[in-house]
Amino acid sequence: MDWNNIEEIDEEQLLKESEELQTIRYLTKDNASFTPTPGGFLSLDYQDKHYDRVFIYRTFPDSEPERFLSVREADEKAKEIGLIEDLKQFEPEQMQMIREQLDMRYYTPVIQKVLEVKDEYGYAYFQVETNYGRCRFAVQMGGSNVLHMGGWRYQITDLDGNRYILEDLSKLSASEQKKLDLYL
Amino acid sequence: MNLLLRLYDTTGGNVLIDDVNVKDLSFSSLHGTIAMVSQETYIFMGTVAENIAYARPNATHEEILRASMQAGAHDFICKMPDGYDTVIGSSGRELSGGEKQRISIARAILADPKILILDEATASVDTETELAIQASLDRLTRGRTILSIAHRLSTLRNANRLVVLDDGRLTEEGSHRSLIEQKGTYYKLMQLQTKALAMRGLE
């Protein structure tokens with residue numbers, strides 16, 4: 001082994017990675033353009049590069065749902081292309097396209113009525129009415145599947161990873177609250 | 001490190017920062033100057049953003065994002081369904097050791113301390129992430145002092161001054177190059193670790 005080469009780390013590469021880590025690349029209406037794809041997704045043209053399909057993530061889904069949106073490549077690595085600082089800076093048509101993508105990604109039914117909750121062998125079976133209609137789902141008890149989000153707000157994650165929001169527990173009837181007592 | 005932070009006080013000798021005895025500094029002044037990233041990371045109940053902004057609660061979202069990017073934490077945070085709003089800590093979402101450590105590094109970067117202590121700070125992250133974080137940390141050395149404790153010596157090779165402690169005693173001191181030339185404990189450990197990495201196809 002050549003010990004004289006021990007210091008020969010690829011500093012240029014490290015510096016490049018460091019720059020990439022530290023640089024926030026903002027996508028603006030002047031340098032980025034989104035186009036709908038036939039499959040219902042979005043393609044992107046950004047700084048002379050075309051992306052056939054991109055994913056859009058909210059970095060702060062609750063506190064800043066339309067700011068600091070992370071635009072990522074649509075593959076397994078989902079490398080970040082850049083951030084949208086404020087969706088409102090885009091033209092109305094582009095804004096609408098992006099909002100539709102966000103609605104798809106962050107589809108979260110809001111529980112309006114609790115019809116029935118049963119538990120069996122460590123699983124709770126919910127039958128509820130949501131803003132998208134009636135549905136049934138199963139939740140594994142324990143862990144972090146039922147999260148208290150502060151105040152009267154709860155988030156429930158079912159076995160398939162689908163999430164449901166209970167906006168205000170106090171607004172449910174006494175009998176509904178009783179049904180949930182064991183699980184929240 | 002405990003003596004520097006005054007978690008304990010010396011029974012003999014003094015710990016000086018710029019010739020000022022740490023005992024002559026107020027705790028708020030001392031602790032406002034130093035941030036520490038340790039192997040054991042404390043995550044408290046709250047969102048990821050709140051955890052990162054612990055030392056600077058008024059930090060903007062952009063500052064939180066930038067610190068996370070520097071710490072190599074941004075990607076895994078973005079991929080969580082609630083991103084920076086994800087509730088972590090007791091009864092929240094569980095994080096791996098490496099994820100906790102990267103949040104801790106982001107917290108320290110955002111605190112922007114004059115003295116940064118890294119106590120096995122990248123021990124729980126993979127080699128690729130460690131290299132990227134190390135490059136960020138190297139840039140952060142400008143205008144501040146970094147005290148780094150590590151068994152993984154690759155994280156220390158750019159240090160201005162290396163101190164080898166063997167069985168509680170200071171046995172070697174100098175730059176990476178001079179310690180390699182000495183062919184002492186540091187050289188042997190470096191040799192072992194480089195061989196181990198080579199066997200894993202990483203060197």
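Which residue is the bridge partner of M36(B) in β6(B)? In this predicted model, the partner is I117(B). The model is predicted, so local features need pLDDT of at least 70, side-chain atom pairs count only at pLDDT 80 or more, and totals for chains, interfaces and linings use all residues. Residues are numbered from 1 along each chain as its sequence is written, while chains are lettered from A and ligands numbered from 1 in the order in which they are written.

**View 1**
β3 covers residues 34–37 of chain B, and β6 covers residues 115–119. The two pair in the parallel sense over four bridges. Strands, like helices, are DSSP runs numbered from the N terminus (E, at least two residues, for strands; H or I, at least four, for helices). Two strands pair if DSSP finds at least two bridges between them. M36(B) has I117(B) as its bridge partner in β6(B). β6(B) is also joined to β7 (residues 145–149) of chain B, by five bridges. These two strands run parallel. Here I117(B) has L147(B) as its bridge partner.

**View 1. Chain B as a whole.**
Chain B holds eight helices and nine strands. Its radius of gyration is 18 Å, close to the 17 Å that the globule rule gives for 203 residues, so chain B is as compact as a globular protein of that length. The radius is taken over C-alpha atoms, and the rule is 2.2 Å times the number of residues to the power 0.38. Along the principal axes, the C-alpha atoms of chain B fill a box of roughly 50 × 50 × 30 Å. Buried residues make up 32% of the 203 residues. Buried means that 20 or more other C-beta atoms lie within 10 Å of the residue's own; exposed means 12 or fewer, and partly exposed lies in between, with C-beta atoms placed from the backbone. Of the contacts in chain B with a separation of 6 or more, 62% link residues 24 or more positions apart. A contact requires C-beta atoms, placed from the backbone, within 7 Å.

**View 2. Helix α5 of chain B and the residue that follows.**
α5(B) spans residues 97–111, 15 residues in total. From first C-alpha to last, the helix reaches 21 Å, close to the 21 Å expected at 1.5 Å a residue. The expected span is 1.5 Å times one less than the number of residues. α5(B) is mostly covered, with 12 of its 15 residues buried. Among them are E99(B), R102(B), I105(B) and L110(B). D112(B), just after the helix, takes a positive phi of about 50°.

**View 3. Helix α3 of chain B and the residue that follows.**
α3(B) runs over residues 61–70. This helix is mostly covered too: seven of its 10 residues are buried. The buried residues include I64(B), L65(B) and M69(B). Just after α3(B) comes G72(B), with a positive phi of about 70°.

F68(A) is not a glycine, yet its phi is positive, about 50°. F68(A) lies in strand β4 (residues 67–73) of chain A. It counts as buried, because it has 25 C-beta neighbours inside 10 Å. D167(B), also a residue other than glycine, has a positive phi near 55°. D167(B) sits in the loop between β8 (162–166) and β9 (169–174) of chain B. With 5 C-beta neighbours inside 10 Å, D167(B) counts as exposed.

Three strands of chain A form an open sheet in the order β6-β7-β8, with antiparallel pairing. β6 (111–120) and β8 (133–140) are the edge strands, each pairing on one side only. Neighbouring strands are turned by 20° against each other on average, direction ignored. β7 (residues 123–130) and β8(A) pair over eight bridges. Q127(A) stands opposite R136(A) in β8(A). R136(A) counts as exposed, with 11 C-beta neighbours inside 10 Å. Leaving aside neighbours within four places in sequence, R136(A) is in contact with Y125(A), F126(A) and Q127(A).

Notes
Axes are lines fitted to C-alpha atoms, for helices over the stretch in contact, and angles run from 0 to 180 degrees between N-to-C directions. Two residues are in contact if their C-beta atoms, placed from the backbone, lie within 7 Å.
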